[in-house]
Structure formats: C-alpha cells, structure tokens
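Subject: Structure handover

Hi,

Here is the structure for your files. Please open it alongside this note.

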Amino acid sequence: MTTAPRRRARVRAPELVGRGWLNTGDREIRLKDLRGKIVLLDFWTFCCINCLHVLDELRPLEAEYPDVLVTIGVHSPKFVHEADPDALEAAVERYEVHHPVLDDPELTTWQNYAVKAWPTLVVVDPEGYVVHVAAGEGHVDALRQIVAELVAEHDAKGTLHRGDGPYVPPAPAGTELRFPAKAVPTPRDTLLVSDSAHHALVELDLDGETVLRRIGTGERGRRDGLEPTFSEPAGLALLPADVAERVGYHVVVADTVNHLLRGLNLDTGEVTTVAGTGEQWRDGGTDGPATGIDLTSPWDVAWWEPARGVVIALAGNHTLGLFKPLENRLERLAGTTVEGLADGPFDEAFFAQTSGLAAAGDRLWLVDSETSALRYLEDGRVRTAVGKGLFDFGHRDGDADQALLQHPLGVAVLPDGSVAVADTYNGAIRRYDPATGEVGTLATDLAEPSDVLFVAGELVVVASAAHRLERPVAPGTRVLGEAHRVRRPPTVLAPGELELSVVFTPPAGTKLDDRHGPSTRLEVTSSPPELLAAGAGVGTDLTRALRLAEGFAEGVLHVVAQAASCTDDPSVEHPVCKLTRQDWGVPVRISADGPHRLPLLMGGLDESVRGGT
C-alpha cells in the first residue's frame, strides 16, 4: 500500500489557461486575482457521471464557506462535442453550476496540473500553493477539514481575505421545458416527459407541445405526495396494467440525482418512493428490500418481461439493477462496477454509464454513453452491436463493426425490428438493422437528442438542448464521417516491468480501517486484455507489479482502487467510516524512453503535481 506523505508541499499553482470563462460576467480570472481566497479547482467534463456527482457533493461545502472558498470548474472535454463552447454553456446551466468555469478545450491547464482522471480536485491555499489533490468522488469530508484548517491558519497569518467571489450568474431563461431527458407514451393517449432541469414531470398532448399538467413543484427535493419534488428526473417506465393495478402506481421514474425510483399514479398524480434510500451507493449490498438498498444515479428504466421487473440503468456504478415491484425488491442484474466494454455473462460484463434502455421481447437493448456503444442482453449474456471502447467514437455509417456513435443517451425499437438510437453528441438519430448489421442515419441537426420513441407512426425525439420534443423528417441520409479518439494525452510508459502505485492518505483524524480484514482493494485490467502479460486481477495492496506485453504500441489500463477509513479515536465505540473509491481508464503509449512507474493519486499530495516556482 502507498500512502501520501502527511506534509504540505510548497508547490506553486500553475496559471489557469483556457479559451474563455463562464459565470464570470465575461471577466478573465487569473490566480493572482484570487490571492487571499482558498481555491478549489474541479477538473470535470460534462459527460462524466462521477463529475456530476462531485458537483452535487460540493454544493453544501460552497454554501458553508461562501466568503473564503472559490470553486472553479476547469472543463476538460473528453468528446469532440464537449469542446463546443455552446454545448458547455448549456451544460453549465443544465447542471446548475454556480461557480466560475474555465473552458479548457486543449487540456492545457489539465496537463499543467498533471491530471490523469475525471474528476480531480485540487486545493490552492490563499498564498497560491497547491496543498491537496484528490481524484474521484466522495472527498467532501476531507475537503471540509482542509478548508477549515486553511481558514484558521491564514486567518491567524492575516493572509485570508473574506468577501464575495468572482461568480456572476447568467441571465435566467424561460421555456416550457428545460433540458427534458426522457419521454414515454401513456394509456391516456398522452406523452409523459421528464422535465429534468425544472425538477418535474410534464404530461403533454400527443402533439408534443400542449401542456396538460405538471407533476412536481419545480423545487429540488424528494417529497412524496400530491405536491412532490424531484431532483433532475430522467428515465420513465410504464408498468403492465396488471402490475400497476396491484402496486398502485403506473409509471416508475428514475429520480437521478436523488438516487431513487419514484412511483407515479397517473390517475391521481400522487408520487411515492418505491426504491432506494436517497443515499448514493458506494459499496455494499445490492440485493434486498427495495427501499433499503442504495442506488447510484439511475438514468433510465424499462420494464422487461423476461425478468418480470424494471431494469435500471445505474450510470453511477456502471451496472444494471432490477426492481421487482410486486416483491418490493432490488437485485443486481448485470455488471461488475468496472467501467469498460466487455461482453459475456451478465455477472462478468463491463458497462460504461448506461443511459438508455428499450425492451423487445426476450432482448433488452441499451446504449452505453461512455463507450458510445449499442448493446443488448439476451439468454443470459451481454453482446455489443456497435461500439469499440472508452476512447473511440465518431459519426460513421455502414457495417456495424466499423460504425461509430458519440455518447448516445436513448434507444427505441421500431416496428420493423430495427433499433433507433439517440446519438446525442452527434445531434442525430441513428438506425441499426439487426438483420443486415448496417447502421444508418435517420435525422441530423438535432440539439442533443436524449431519447427517441415511436408514437402514432412517427418518430418523436426529445431534443434536450432545444428544450422541446420534435418530429424530425427521416431522410435516411448515409454519413461516412470521421472516427475520433479521446484527445487526452496518453501516459508514456516503458515496455516490460512496471510498478503501479495508488497514492492515498486517509483524511485528517482518520486511519485505514483494518478491523474486519484488508482496508484496501485494487483491481487492474487492460484493453486489449493481452496488453498485460502479468499483474491483472484483484488484490488488497495499492501497489502492484505489472508487466506490459511485447508487441503493443498503445492500450488502456483500467484501474479500480478503494480504501476504507474510520475516525481515529479509540474512545469512540462506533467510529464514523467511509469508503473512498476511484476508477481510472489510463490511455498509455509504450516507448523505450518511458518510465517504469505509474503513480495514480486517489487522495493526498504527490510529487507528480508540478507547478511554477
């Protein structure tokens, strides 16, 4: 196990460099303007579910220290679409980012801070020095301690300046829907839409425009009843009539940011919580009474008759769950929590932020947004129809083994058995024909389509960034576009023997918890699997000897690390404990002049963080 040194290194924070700024009133911010403030840099990208979790984790910390803490989001895009400044501006509004955001499409600031993973958090003290770095989510308690220590230290030194920060909110926009996510036809000959940014559901006439009623007050929350509240609801699943009659609700709602499933009675408008605790799953049980099991960012839901339940796309941990309404029970259906693209039996397959589901008989179709993949479940196995992996995407039609998507979020099965895909970051609706293995393009020039459905003989598209439902003309255009790869600079490594070390320091006042066995866990795999000649698998040490196989110029190392820590106070009978977890997909380039060591920082401060003098 490798732990970071318990000392505060004097590393000068590099300057913030990018294309422009959001939420500052068009003002450029430099680090010298922030002297006297504690600065928290959040390296994020808006496709990343872990990054979205961190946005929500940071909200109470920002509210607790409004006069001394300045959070700055450093947007470091993965996909081509995310480098579009208009798309970033929309995402900042969609996810209610209430702090300045640096647009860094060339990853300049990312590289200057030696960042290797989304999300990464960097704390800069009031004198401009980096004092803490943490990768992944779940670090807010440690950050709160660090901020409190810095406030006390720099208050005493006279180097802390209290007052307003540089955040300038943008002008509010008013539309009937705001970033709608999903839609479903109802037995009432209406359309039910999840109005995500308004934290509500909206029932529309079949014309897709006329509002019949709103369900939800529009406030963030998780209140049940006839005046319910939601937090960025997304997926909607209509239950079979016989099931709905027995359970008392007709629609299951994926209440994404609340980490809940909610039940909606279409007759009364009443909402009840049917699954989840409201706490985000970190580790532990996945099977049991539905309201006693944690969920993590349920993004879509679909009734699947072979399982006699509602399949849940748990984007937060790259798995599929199964909710059985008649039994009030949750189970894990498929996945391991490792992010990637690997087919096989349900309990061995890798998923990557599944965001759309559609059932057709014995087959359940899904789209994995982070691998830009179209996949399906059938006969106990997961198979991939379109998609190559975490770092390959584009807009290309033709044979499925060559076709490319870009971060799709929705999927629907058409009457002829073909599959329509909401190809979100390409702004297109794509069509896959299982009979021929061909991929085509049905419609283009759509604003981030997040769902697609077939209603009354027409395609209906949830055009999320246009804030409306659309019925695009489907011309059947064939697109022979470019292939893209994630532009994140690869980590150069030497061939042969390699030492992997995950650096972790328990937060102040805590220690690693080994009361019930090893406190740490490390899992390492690779794409392609043959890249690792030795060292793949699961162990309990955060240091691992690997060997890179001969004959490879590049690949991806998949690393999942976790560490359990508890309060270090022997007088406390029941200490407060937490699990820190992070996964990395590290693109690597093999070169003789590369190092034989790969350090990854989960929490603390490592010498690989570099800066100016």
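Below is what was found, grouped by region.

**Ground rules**

This is a predicted model: local features need pLDDT of at least 70, side-chain atom pairs count only at pLDDT 80 or more, and totals for chains, interfaces and linings use all residues. Residues are numbered from 1 along each chain as its sequence is written, and side-chain values use heavy atoms, with hydrogens and water left out.

**An open sheet**

Helices and strands here are DSSP runs numbered from the N terminus (helices: H or I, at least four residues; strands: E, at least two). Two strands pair if DSSP finds at least two bridges between them.

Four strands form an open sheet in the order 8-9-10-11, with antiparallel pairing. Strand 8 (183-185) and strand 11 (211-215) stand at the edges with a single partner strand each, so one side of each has no neighbour in the sheet. Neighbouring strands of this sheet are turned by 20 degrees against each other on average, direction ignored. For that angle, axes are lines fitted to C-alpha atoms (for helices, over the stretch in contact), and angles run from 0 to 180 degrees between N-to-C directions.

Strand 8 pairs with strand 9 (residues 190-195) over 3 antiparallel bridges. Ala183 stands opposite Val193 of strand 9.

Strand 22 (residues 354-360) and strand 23 run antiparallel and are joined by 6 bridges. Ala359 stands opposite Leu364 in strand 23. These two strands form a hairpin with 2 residues between them. Gly361 in that turn has a positive phi of about 65 degrees.

Strand 23 also pairs with strand 24 (residues 373-378), antiparallel, over 5 bridges. Leu366 has Arg375 in strand 24 as its bridge partner. Strand 23 and strand 24 form a hairpin too, with 4 residues between them. Ser372 in the turn has a positive phi of about 50 degrees.

How much of strand 23 (residues 363-368) is buried? Of its 6 residues, 5 are buried. Buried means under 20% relative accessible area, exposed over 50%, and partly exposed in between (1.4 Å probe, protein chains only).

**Helix 2**

In helix 2 (residues 85-94), the buried residues are Ala87, Leu88, Ala90, Ala91, Val92 and Arg94. They pack against strand 2 (20-22), strand 3 (38-44), strand 4 (69-75) and strand 5 (101-103). Contact means heavy atoms within 4.5 Å.

Asp84 caps the N-terminal end of helix 2. A side-chain oxygen of Asp84 lies 2.8 Å from the backbone nitrogen of Asp86. Glu96 follows the helix, with a positive phi near 50 degrees.

**Ser464**

Ser464 sits in the loop between strand 33 (458-463) and strand 34 (468-470). Ser464 is buried, at 1% relative accessible area. Leaving out residues up to four places away in sequence, Ser464 touches Arg94, Phe179, Pro180, Ala447, Glu448, Pro449 and Ser450.

**Salt bridges**

How many salt bridges does a search of the whole structure find? The search finds 37. A salt bridge is a side-chain nitrogen of Lys or Arg within 4 Å of a carboxyl oxygen of Asp or Glu.

- Glu64 and Arg144: the closest N and O atoms are 2.8 Å apart. The pair links distant parts of the chain, from helix 1 (residues 49-64) to helix 4 (residues 140-157), 80 residues apart. Glu64 is partly exposed at 41%, and Arg144 is partly exposed at 25%.
- Arg220 and Glu96: 3.2 Å, N to O. Arg220 is in the loop between strand 11 and strand 12 (233-238), and Glu96 is in the loop between helix 2 and strand 5, 124 residues apart. Arg220 is partly exposed at 30%.
- Arg262 and Asp224: 2.8 Å, N to O. Arg262 lies in strand 14 (residues 260-264) and Asp224 in the loop between strand 11 and strand 12, so the pair ties together parts 38 residues apart in sequence. Arg262 is buried at 0%, whereas Asp224 is partly exposed at 33%.
- Glu57, Glu137 and Arg282 are linked in a salt-bridge network.

**Cysteines**

A disulfide is a covalent bond between the sulfur atoms of two cysteines. The cut-off used is a pair of cysteine sulfur atoms within 2.5 Å. By this rule the count is 0 disulfides. Cys48 is buried at 6% relative accessible area, and Cys51 is buried at 0%.

Best wishes

Terms used
A polar contact is a pair of N or O atoms within 3.5 Å; within protein, one must be able to donate a hydrogen and the other to accept it, and residues adjacent in sequence count only if both atoms are side-chain atoms.
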